Amino acid sequence: MQKSIEERAKEVMHLSGFTGDITRSRIEHRLRLADMWKIFYGSRILEIGCGQGETTAALAYAVGEGGFVYAIDLADENYGSPENLGTARERLMFSHFGGRINIDLGVNVLNDSFDFEPNSFGYVVLSHCLWYLSSQEELRDILFKARKWAPRLCIAEWDPRVTAMGQYQHFMSANIQAICESYHISDHFNIKTMFYPHEIENAMLACGWDITSEDTLEAYECQDALWEIDIVKEMFPRKISEQKNMPVKLKRLLLSQIYSLGDAEAAEPLPVFAATAERSGEI
């Protein structure tokens, strides 16, 4: 009988060195994703956009001692809060999972020098990193390049399609960041491009991936909505006001939207779109 999500999350926390109820909720969500993706024991996985490594730990647990997870992220070791990526990498690499993972930071997957032999992995995984990409074109370039590295693709990202009023604040905070990214207000904020599920689906199909399953998951206990709202409310009014290239009317509209975000504690996270695909045709 398979252990419950809660039991497995406790094991992942213990084996990886993660602590805290907030992180436990994020681990539980990533274990649900791994279940939906049907990650096989003993698999080799390339994870693109690993961040602080919650998905990395969940994948390392899923593949077991006979598997391997190579996790990369474009950001450098100083990025991230409250724990930066360098600290998270060090803890994971010295944890029980250290023998089955490798984490490299400051890696641009689209650099010509970054490459693997065909079928070096069983899966390519992009988990909650798509909104960090600069454009839809960048996503397509990554999906096309990764096609030869593994026969299976797994994707998960927040779904902008609001299904409950409590999710509206999360949507608005993400939307404001994506609009501001068009004016290059700052490179230090999270969200650069909001992808809707149909855009992700179109990108996969256009790059030679046949979608085999997709689902919408809830992530009620995750704190991402609160974090994104707080970032927008605390930092964006000044950034918007100082922006010289943004039309005054748009500034006023965005500032009004920020004001209307209200109390972040009452917000709910958006649903999560998750999909799997298999490579089609020849490499």
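**Note on cavities and cysteines**

1. The structure, a predicted model, holds two cavities of 30 Å³ or more, a cavity being a set of points, on a 1 Å grid over the protein atoms alone, where a 1.4 Å probe fits but cannot get out. The second largest cavity has a volume of about 30 Å³, volume being the space filled by probe spheres set on the points, which are joined across faces, edges and corners.

2. The lining of the second largest cavity (residues with an atom within 4 Å of a point) includes Cys50, Gln52, Thr56, Arg89 and Ile103. Its residues divide into six nonpolar, four polar and one charged, where Gly counts as polar, Cys as nonpolar and Arg as charged.

3. Both α4 (85-93) and β3 (101-105) supply at least two residues of that lining, and α4 gives the most, with four residues; helices (H or I, at least four residues) and strands (E, at least two) are DSSP runs, numbered from the N terminus.

4. Zero disulfides are present in the structure, a disulfide being a pair of cysteine sulfur atoms within 2.5 Å. Cysteine 222 is in no disulfide, and the nearest cysteine sulfur, that of cysteine 129, lies 15 Å away.

5. Cysteine 222 counts as buried because its relative accessibility is 5%, and cysteine 180 counts as buried because its relative accessibility is 1%; buried means under 20% relative accessible area (1.4 Å probe, protein chains only).

6. Residues are numbered from 1 along each chain as its sequence is written, and side-chain values use heavy atoms, without hydrogens and water. Local features need pLDDT of at least 70 and side-chain atom pairs count only at pLDDT 80 or more, whereas totals for chains, interfaces and linings use all residues.

Key
On a 1 Å grid over the protein atoms alone, a cavity is a set of points where a 1.4 Å probe fits but cannot get out, and a pocket is an open set with protein on both sides within 12 Å along at least five of seven lines; lining residues have an atom within 4 Å of a point. Buried means under 20% relative accessible area, exposed over 50%, partly exposed in between (1.4 Å probe, protein chains only).
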